[in-house]
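Visitor: I would like to learn how to read a structure made of chains and helices. Could you take me through it slowly, with the general idea before the case in hand?

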Amino acid sequence: MQSPIKYLSHKGWHQTAIIAIIGGIYILGSQILNFDNLNGLLAVPKAFAWLGVNFKPTAHSMQYFPRIWQKLIQTVLLAISSTMVAAIIAIFVALLGSKVTGINGFVQTIVRAIASFFRNIPLVAWSMILLFSFKQSDFTGFLALLLMSVGYLIRAFMEIIEDEASETMLALKATGASYFQVIFQAVLPQILPSILSWILYMIENNVRDATLVGILTGTGIGFIFDIYYKSFRFDAAGMTVLAIIFVVIALETISNQIRKVIL
Amino acid sequence: MTDSQDSIIQKSKLPNSPEIKLHERSLSRTMILVVFVSLLLITGYTLTHLDTAGVQINQALKELMTTLNQMFLQPNAGTDGLPLLMEALGNSVLLSILTTIIGAVFGFLFAVLASKNLTNAYLGAGIRVIMAVIRAIPTIIWALIFSIVCGLGTTAAILGLSFHSIAYLTKAYSESIEGIDNAKIESLKVTGAKFWVIVFQAIWPTIVASFVSWTFIRLEINFANAIAVGAAAGAGGIGYQLFVASGMSFDFHETGLIVYLVILVTFVLEFIAVKIRQYYLNR
């Protein structure tokens with residue numbers, strides 16, 4: 001066994017080394033990227049002062065409100081529907097691909113590869129490719145969010161099945177229940193709360209991502225923010241941001257309340 | 001005689017209810033049902049009222065297939081050349097590492113100040129509300145806001161990404177800190193240890209594994225965000241190249257190569273994250 005002094009000196013050396021490495025990476029990184037730390041830090045209060053003056057919605061900007069609100073609701077609906085369609089696809093794929101309920105090793109590997117492929121293609125790439133074929137419409141935004149969510153949800157659902165349902169699966173198989181009986185009577189009901197929790201998380205996430213998709217594909221709240229921002233109508237842009245904050249926090253609060261009840 | 005026989009040979013008692021209840025009624029079950037049904041109804045409504053701008057789906061799908069074929073089966077470096085793309089990729093990776101470091105340092109400080117079991121309730125609540133507001137604003141909007149003050153470029157991207165990272169990590173870390181057994185903190189307080197001594201000698205060693213996990217999750221998110229900010233806010237890096245290739249010059253061969261490069265980097269980041277997490281969990 002180590003002596004306490006030796007242990008402490010080793011620990012101290014270890015910590016210093018890690019801090020030095022991280023600090024070194026940071027300094028080198030800011031050199032390469034030409035990031036001026038001091039000016040960057042000074043820009044923060046300047047940005048907020050600027051925000052306070054220019055982004056403040058005035059009585060004049062109330063005229064934009066109905067349009068912003070309509071686009072925002074549209075974005076939320078799009079986020080919900082893309083998440084739900086993705087969830088329905090993902091649950092079947094996850095059942096096929098998880099180690100517990102999966103068919104065989106080959107299918108499992110394929111499913112895993114496809115899921116991580118979909119997950120890691122940047123949202124920007126999906127948006128731009130889809131924009132090229134599907135033009136500027138809500139459907140494009142829907143598809144981009146859907147393709148992104150599918151990858152995430154397949155992985156999440158597979159992990160849920162493997163974590164929560166493996167014992168149930170074993171127990172019911174031992175009683176002689178058929179594969180479909182086990183899936184529909186035991187596995188699905190058991191994992192439903194966790195799945196719902198993930199769906200709620202994905203909806204929140206998709207509302208935020210929809211802003212990016214919107215800026216790129218010209219749909220929903222992102223598009224309207226981009227228009228106001230680029231035409232220097234900053235009071236309207238500020239109003240859009242306030243509306244986004246309101247909706248995201250409301251969604252977060254609602255899903256936290258739902259999670260408290262179901263989990 | 002018959003009486004005693006009856007009492008000896010008793011029939012086995014049946015349970016009172018003739019049916020076995022398969023599903024117990026509970027608030028949780030009702031809630032799940034209600035939420036699922038309402039979400040499905042919303043989905044149905046949205047999908048039937050979706051604006052498709054009169055696109056012929058068959059035609060569009062055929063075009064999409066051609067594009068995907070060009071992207072994934074015939075990738076090449078296009079007019080920009082591989083060295084330029086690699087440089088842009090390196091810049092994006094550095095951007096995500098830098099912002100994650102900033103996020104981790106400030107996030108930990110704020111998390112300590114915001115955790116319910118460490119500080120007074122008002123300060124904690126104040127920080128949590130501010131962080132919730134910062135988190136609610138998408139990264140891309142933060143980057144656009146900062147780009148007005150600092151001009152388009154790396155500084156705006158770094159500030160924008162850092163802001164969201166700090167808010168995200170503050171929440172993640174403070175949840176880990178709040179999970180610590182209170183007895184640990186109390187016993188150190190009794191010995192007269194100062195606040196920061198408690199933080200670095202008791203709290204830090206306890207949460208270091210989850211700290212590392214959350215930081216690496218954020219690194220992966222930041223890499224994805226760095227690409228998004230590069231594309232939509234013109235902040236440079238591989239995201240900008242991706243945007244130009246796919247949205248301006250329509251060179252889908254180059255887009256394909258960029259996507260492959262990005263996927264490669266995310267795999268490497270994931271691999272490193274798994275290794276480091278294992279190291280900290282097994283200690």
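This is a predicted model: local features need pLDDT of at least 70, side-chain atom pairs count only at pLDDT 80 or more; totals for chains, interfaces and linings use all residues.

Visitor: Into which domains is chain A divided?

Guide: Chain A is divided into domain 1, which covers 4–54, and domain 2, which covers 63–262. The centres of domain 1 of chain A and domain 2 of chain A, taken over C-alpha atoms, are separated by 34 Å.

Visitor: Which residues of each chain does UniProt annotate as "domain: ABC transmembrane type-1"?

Guide: An annotation can be set beside what is computed for the span. In chain A, an unreviewed UniProt entry gives that annotation to residues 72–255, and over this span the chain is 88% helix and 0% strand, with its end C-alpha atoms 18 Å apart. In chain B, the unreviewed entry places the feature at residues 89–273, a span that is 86% helix and 0% strand, and whose end C-alpha atoms lie 19 Å apart.

Visitor: Where does UniProt place the feature "transmembrane region" in chain B, and how much helix is there in such spans?

Guide: The unreviewed entry for chain B lists several stretches, including residues 93–115 and 195–216. Residues 93–115 of chain B are 96% helix and 0% strand, and the end C-alpha atoms are 31 Å apart, while residues 195–216 of chain B are 100% helix, with end C-alpha atoms 27 Å apart. For chain A, the stretches under this annotation in its unreviewed entry include 38–55 and 110–132; residues 38–55 of chain A are 94% helix with ends 25 Å apart, taken between C-alpha atoms, and residues 110–132 of chain A are 91% helix with end C-alpha atoms 28 Å apart.

Visitor: How many residues does each chain bring to the contact?

Guide: Chain B brings 60 residues and chain A brings 58 residues. On the side of chain B that touches chain A, the largest share, 12 residues, comes from helix α2 (residues 27–48) of chain B. That side of chain B divides into 45 nonpolar, 13 polar and 2 charged residues.

Visitor: And what should I look for when two helices pack?

Guide: Two packed helices are described by the angle between their axes and by the distance between the axes. Helix α8 (residues 179–217) of chain A and helix α9 (residues 195–232) of chain B pack at about 30°, with axes 10 Å apart, and α8(A) and α9(B) are therefore roughly parallel to each other. Their contact is made by Leu212(A), Ile215(A) and Leu216(A) of α8(A) and by Ala228(B), Ala231(B) and Ala232(B) of α9(B); by class, the contact has 6 nonpolar residues, no polar and no charged.

Visitor: At what angle do α1(A) and α4(B) cross, and which residues meet there?

Guide: The axes of helix α1 (residues 4–32) of chain A and helix α4 (residues 82–114) of chain B cross at roughly 130° and come within 10 Å, and α1(A) and α4(B) are therefore oblique to each other. The crossing of α1(A) and α4(B) is left-handed. In α1(A), Ile22(A), Ile25(A), Tyr26(A), Gly29(A), Ser30(A) and Ile32(A) meet Leu94(B), Ile97(B), Leu98(B) and Ile101(B) in α4(B), and the residues of this contact divide into 8 nonpolar, 2 polar and no charged.

Definitions and conventions
Residues are numbered from 1 along each chain as its sequence is written. Chains are lettered from A and ligands numbered from 1 in the order in which they are written. Domain bounds come from an automatic or database domain assignment. UniProt positions are given in the numbering used here, feature names are shortened, and annotations may be inferred rather than shown by experiment. Helices (H or I, at least four residues) and strands (E, at least two) are DSSP runs, numbered from the N terminus. Two residues are in contact if their C-beta atoms, placed from the backbone, lie within 7 Å. Ala, Val, Leu, Ile, Met, Phe, Trp, Tyr, Cys and Pro count as nonpolar, Asp, Glu, Lys and Arg as charged, and the others, Gly among them, as polar. Axes are lines fitted to C-alpha atoms, for helices over the stretch in contact, and angles run from 0 to 180 degrees between N-to-C directions. Angles under 35 degrees count as roughly parallel, over 145 as roughly antiparallel, 65 to 115 as roughly perpendicular and the rest as oblique. A crossing is left-handed if the near helix is turned anticlockwise from the far one by less than a right angle, and right-handed if clockwise.
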